[in-house]
Amino acid sequence: MRVLRLAEVQEKTGLARSTLYKYVDAGTFPRPIYLGGRAVGWIDSEVHEWLLEK
């Protein structure tokens with residue numbers, strides 16, 4: 001399992017930070033996992049599946 005940080009998710013999807021979190025809140029984008037402290041990341045396979053659905 002590979003974990004993508006915010007910058008990698010933005011690069012892969014082409015979405016801005018605010019748009020990503022808006023989609024997460026709406027339930028249309030995978031939820032981030034907490035890595036400790038204030039760090040979060042997204043599971044690469046979930047982001048990839050989301051891109052395939054789009």
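L6 lies in helix α1, and in this predicted model its C-alpha atom is 6.5 Å from that of G41, a residue 35 places away in sequence. With neighbours within four places in sequence left aside, L6 is in contact with R17, L20 and W42.

**Helix α1 against helix α3**

- Helix α1 spans residues 6–13 and helix α3 spans residues 44–53; their axes come within 11 Å and cross at roughly 20 degrees.
- Angles under 35 degrees count as roughly parallel, and α1 and α3 are therefore roughly parallel to each other.
- The crossing in which α1 passes α3 is right-handed.
- On the α1 side the contact involves V9, K12 and T13, and on the α3 side D44, V47, W50 and L51.
- Sorted by class, the residues in this contact of α1 with α3 are four nonpolar, one polar and two charged.

**The sheet**

- The sheet is open and consists of three strands in the order β1-β3-β2, with antiparallel pairing.
- Strands β1 (3–4) and β2 are at the edges and have a single partner strand each, so one side of each is left without a neighbour in the sheet.
- Between β1 and β3 the antiparallel pairing rests on two bridges.
- On this side of the sheet, L4 is opposite W42 of β3.
- Strand β3 is largely enclosed by the rest of the structure, because five of its five residues are buried.

- Strand β2 (residues 33–36) and strand β3 (residues 39–43) run antiparallel and are joined by three bridges.
- I33 has G41 of β3 as its bridge partner, and Y34 is bridged to V40 of β3.
- G41 is also the residue whose C-alpha atom lies 6.5 Å from that of L6.
- Two residues separate the strands in the hairpin of β2 and β3, where G37 takes a positive phi near 60 degrees.

**A39 in strand β3**

- Which strand holds A39? The residue is placed in β3.
- Is A39 buried or exposed? Its relative accessible area is 19%; the cut-off for buried is under 20%, and A39 is therefore buried.
- Not counting residues up to four places away in sequence, A39 touches R5, I33 and Y34.

Definitions and conventions. Residues numbered from 1 in each chain as written. Predicted model: local features only at pLDDT ≥ 70, side-chain atom pairs only at ≥ 80, totals over all residues. Heavy atoms only, no water. Axes fitted to C-alpha atoms, helices over the stretch in contact; angles between N-to-C directions. Helix = DSSP H or I, 4+ residues; strand = E, 2+ residues; numbered from the N terminus. Parallel < 35°, antiparallel > 145°, perpendicular 65-115°, else oblique. Left-handed = near helix turned anticlockwise from the far one by under 90°. Contact = heavy atoms within 4.5 Å. Nonpolar A, V, L, I, M, F, W, Y, C, P; charged D, E, K, R; others polar. Pairing = 2+ DSSP bridges. Buried < 20%, exposed > 50% of the residue type's maximum accessible area, 1.4 Å probe, protein only.
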